Amino acid sequence: MNSLIAITSDGQGSSVVSARELHSFLESKQQFADWIKNRIIKYGFLEEVDYVTLSKNLETDNEEGFSENSEKLDKEVFHKSMKNPKGGRVATDYALTLDMAKQLAMVEKTEKGRQARLYFIDAEKALRKTLSTPPAVPSTEQVLIQLVAQSNQLLANQQEQLSQLRADMDSIMRGQRPTPQRKQIAKPTPRLVGPPRANPLTGALRSTINKKVGEYCGYHGAEQGATYNYLYKRMNDVYGVNVYRLNRAAGESLLDALEQYGQLEKLYSLIMAELTYVEE
């Protein structure tokens, strides 16, 4: 895949894109500061979720030094505070998630925007292929085998203690001191493996998802159930996450399962990329 725009990793290993480099590639006529701020407000992007604000000291007085010097974004650039011992003015850049970069490219409605969007989609597909397969959920038979192994180990320990107690009693009856029992190291008990439960995300993101879906349905007169079903299908198409096959406890909804498995951020990204886009 040809590298149209540099894609690097932030401190958490997530793929990010320089907003300035994307702006330069799209050949937007707007000033960078106006372009990025207007789109953040219009499409409801969230800091620390869709992007991270960062700064860079420039040795020249040219605010657009990022583009004209063709500086490539690397891991060292993605820090919120960077100091240049030589001095110079500070310019602001934004580390964008691939989902935010894809939507910014899409709303340009230009050939450059189309190229960038397809480029980011291909990058997402390549990234998914590198991700490891999640741990398999144990079958009922495997769980039963583990329970039987635990029970057998417990019975063996009890039988050993009972035999030692009988030997001590025999020694006492014969007027002998019981033989000291060697201290044994307890064997670790097999641990049952549960489903891959991620730490739940904050309720703020889930509340935002419900709000965005509600606004979309109200504007277009769509049903929320049908809208969520569309999003769940797109989760499988884009991210390879089959929502309907996630393990759920009694009474849990599909949205509950996505939250428990740490997939709400992907759902939010789909909403921002596909539901908020309205043809003008």
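The model is predicted: local features need pLDDT of at least 70, side-chain atom pairs count only at pLDDT 80 or more, and totals for chains, interfaces and linings use all residues. Residues are numbered from 1 along each chain as its sequence is written, and side-chain values use heavy atoms, with hydrogens and water left out.

The protein contains 10 helices and four strands (DSSP runs numbered from the N terminus; helices are H or I of at least four residues, strands E of at least two). From the N terminus, the order is β-β-α-α-β-α-β-α-α-α-α-α-α-α. Of the 280 residues, 33% are buried (under 20% relative accessible area; exposed is over 50%, partly exposed in between; 1.4 Å probe, protein chains only). The accessible surface is about 18,000 Å², computed by the Shrake-Rupley method with a 1.4 Å probe. Carbon and sulfur atoms account for 51% of this surface. Among contacts (heavy atoms within 4.5 Å) between residues at least 6 apart in sequence, 72% join residues at least 24 apart.

Helix α1 spans residues 19-26. Seven of its eight residues are buried, so the helix is largely enclosed by the rest of the structure. The buried set is A19, R20, E21, L22, H23, F25 and L26. S18 caps the N-terminal end: a side-chain oxygen lies 3.3 Å from the backbone nitrogen of R20.

L26 is also a contact of E108. E108 belongs to helix α4 (residues 98-108). At 15% relative accessibility, E108 counts as buried. Its side chain makes polar contacts with those of W35, at 3.0 Å, and R39, at 3.1 Å. A polar contact is a pair of N or O atoms within 3.5 Å; within protein, one must be able to donate a hydrogen and the other to accept it, and residues adjacent in sequence count only if both atoms are side-chain atoms. Beyond neighbours within four places in sequence, E108 is in contact with L26, S28, W35, R39 and G113.

Helix α4 also contributes to a cavity lining. The whole structure holds one cavity of 30 Å³ or more. The largest cavity has a volume of about 40 Å³. A cavity is a set of points on a 1 Å grid over the protein atoms alone where a 1.4 Å probe fits but cannot get out; lining residues have an atom within 4 Å of a point. The lining comprises K102, Q103, M106, R117, A273 and E274. Helix α4 gives the largest share, three residues. Both α4 and α10 (264-275) supply at least two.

Methods: 1 Å grid on protein atoms, 1.4 Å probe; cavity = no way out; pocket = protein on both sides within 12 Å on 5 of 7 lines; lining within 4 Å. Points joined across faces, edges and corners; volume = space filled by probe spheres on them.
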